[in-house]
Amino acid sequence: MNKTIRRASVCCLLAVLALLVRATWVQGYQAKALADDEHNRRNTIAQYAQPLGDIIVAGSPVTGSKGTSGGDLRYKRTYTQGELYAAVTGYGSQAYGATQLEGIYSHVLDGTDDRLKNPADLITGKQAAPGNVLTTIDPDVQKAAYEALGGDKGAAVAIDPKTGRILGMVSTPSYDPSTISGTDDGDTWKKLLADEDKPLVNRALRQPLAPGSTFKLVVAAAALENGLYGSVDEATDSPDPYTLPGTRTILRNESASAPCENATLRTALQYSCNNVFAKAAADLGQDKVKEMADAFGFDTEKLDVPVRAAKSVYPTGMDKAQTALTGIGQFEVTATPLQMAMVTAALANDGELAAPHMVSSVTDGDGSTLEETGDGKTERVVKESTAEQLRSAMVTVVEKGTGTNAKIPGAEVGGKTGTAQNGVDNSNTPYAWFTSYAKDDSSGKEVAVAVIVEDSGSARSEVSGNGLAAPIAQKMMKAALER
């Protein structure tokens with residue numbers, strides 16, 4: 001064999017060895033990554049090869065499947081009352097992927113989750129029958145929230161304080177996920193993305209905004225827990241008007257005639273006195289207020305219900321004037337409706353916060369449980385006595401304060417209104433908030449609610465938590481107590 005042939009043979013041998021090594025690497029080490037790649041068409045084909053499992057509300061599916069007319073994707077997702085439940089289900093789209101419960105439980109719903117397979121299926125790779133996702137949503141509470149919000153831009157959340165079960169979650173304006181579930185819905189998708197009202201955003205979970213005076217509940221809790229004041233009926237040291245520390249800026253109250261000078265916490269919540277809570281926050285200092293806020297759930301990086309909620313924020317690195325402004329839910333304080341519902345739920349539950357969740361269990365096609373979300377996993381936030389005092393003060397708000405539109409005959413209702421500034425120098429329409437709880441002693445039923453109305457089309461002078469948000473909360477609470 002001459003030298004040239006020998007060199008060519010060695011080169012060919014090395015090339016063959018390289019191909020064998022590469023093939024072994026791909027099959028042995030990269031197979032799973034390639035199989036799971038979002039651009040692998042086979043995954044989408046497998047996902048829509050059979051009717052999908054369902055998302056269940058009160059025993060009835062709010063999702064479905066229907067056959068397609070052609071192509072390699074045999075079925076696509078359908079939705080029952082899609083706009084009503086979009087904030088719960090999210091969307092499952094052949095073209096645009098899946099969000100929320102559709103995305104989190106996609107492998108259960110399409111039958112590719114290994115837990116659905118028997119040993120033989122695991123060996124052969126056979127696709128199993130799909131499973132289902134059972135939610136904690138109460139259809140009457142959900143409907144009450146959706147209809148009450150109507151054409152307003154906003155969101156609402158209802159929680160069972162003892163169990164943490166999310167009974168209702170609505171974000172408006174909404175959308176029908178059925179309209180984007182196929183492969184030829186590009187025009188609808190573009191319209192949704194271009195819509196200035198952002199219907200694809202779940203405002204209940206994913207859009208934290210200034211909570212305004214609803215945050216005064218957190219400051220009041222901090223004041224009691226840290227001994228700044230001994231009770232909600234003790235006079236505070238709160239001049240009116242109040243000048244922000246280190247500045248010449250006077251912080252005024254909404255009503256100049258309200259009895260806010262040195263008011264008790266009860267009276268300050270009843271009239272929503274800015275001077276009392278701004279001074280309390282400044283006196284406590286940002287560290288103590290933040291500690292209280294964080295105990296309620298603020299600044300939690302991974303708040304999963306199981307959809308991940310955006311982080312509600314209590315800021316740091318502030319001077320005393322800025323800290324004072326946080327006492328009325330302004331400066332850089334932000335909160336989601338879920339977060340403010342959690343605050344009220346903890347107070348309603350004697351100071352213990354039950355982990356919020358909107359999935360009760362996941363089952364296989366035969367109804368056998370694959371995973372279950374337990375109720376009642378709680379953490380103490382404030383002392384029972386603190387919670388009791390604040391509930392009493394919140395009842396005063398509803399009975400004869402700024403939250404009278406939340407009254408429910410025969411039930412104990414407590415709440416807190418909020419009107420939060422929006423835009424530079426409050427140049428945009430303010431946000432209207434209301435957070436509340438209701439209890440029916442005869443039935444033992446209870447609920448905690450938070451509502452935000454970002455824009456109702458009302459004139460600025462007509463925007464208030466009691467006028468816009470409290471009636472929505474009242475309808476939700478009434479539906480929850482009647483369930």
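Reader: What kind of model is it?
Author: It is a predicted model.

Reader: Helix α11, residues 216-225: mostly covered or mostly open?
Author: Mostly covered. In α11, 9 of the 10 residues are buried. Among them are K216, L217, V218 and V219.

Reader: What is phi like at G227?
Author: Positive, near 75°. G227 follows α11.

Reader: And where does G230 sit?
Author: G230 is in the loop between α11 and β10, the strand at 242-243.

Reader: Is G230 buried or exposed?
Author: Exposed. Its relative accessibility is 56%, and G230 counts as exposed because the cut-off is over 50%.

Reader: What is G230 in contact with, leaving aside neighbours within four places in sequence?
Author: L224 and Q389. L224 is also one of the buried residues of α11.

Reader: How far apart are G230 and G111 in space?
Author: 58 Å, C-alpha to C-alpha. In sequence they are 119 residues apart.

Reader: New topic. How many cavities of 30 Å³ or more turn up in the whole structure?
Author: The search finds 2.

Reader: What lines the largest cavity?
Author: The lining includes Q47, Y48, R77, E102 and D110. By class, it has 4 nonpolar, 3 polar and 3 charged residues.

Reader: And which residues line the second largest cavity?
Author: Among them are F298, D299, T300, K311 and Q339. That lining has 3 nonpolar, 5 polar and 2 charged residues.

Note on methods. Residues are numbered from 1 along each chain as its sequence is written. This is a predicted model: local features need pLDDT of at least 70, side-chain atom pairs count only at pLDDT 80 or more; totals for chains, interfaces and linings use all residues. Side-chain values use heavy atoms; hydrogens and water are left out. Buried means under 20% relative accessible area, exposed over 50%, partly exposed in between (1.4 Å probe, protein chains only). Helices (H or I, at least four residues) and strands (E, at least two) are DSSP runs, numbered from the N terminus. Contact means heavy atoms within 4.5 Å. On a 1 Å grid over the protein atoms alone, a cavity is a set of points where a 1.4 Å probe fits but cannot get out, and a pocket is an open set with protein on both sides within 12 Å along at least five of seven lines; lining residues have an atom within 4 Å of a point. Grid points are joined across faces, edges and corners, and a volume is the space filled by probe spheres set on the points. Ala, Val, Leu, Ile, Met, Phe, Trp, Tyr, Cys and Pro count as nonpolar, Asp, Glu, Lys and Arg as charged, and the others, Gly among them, as polar.
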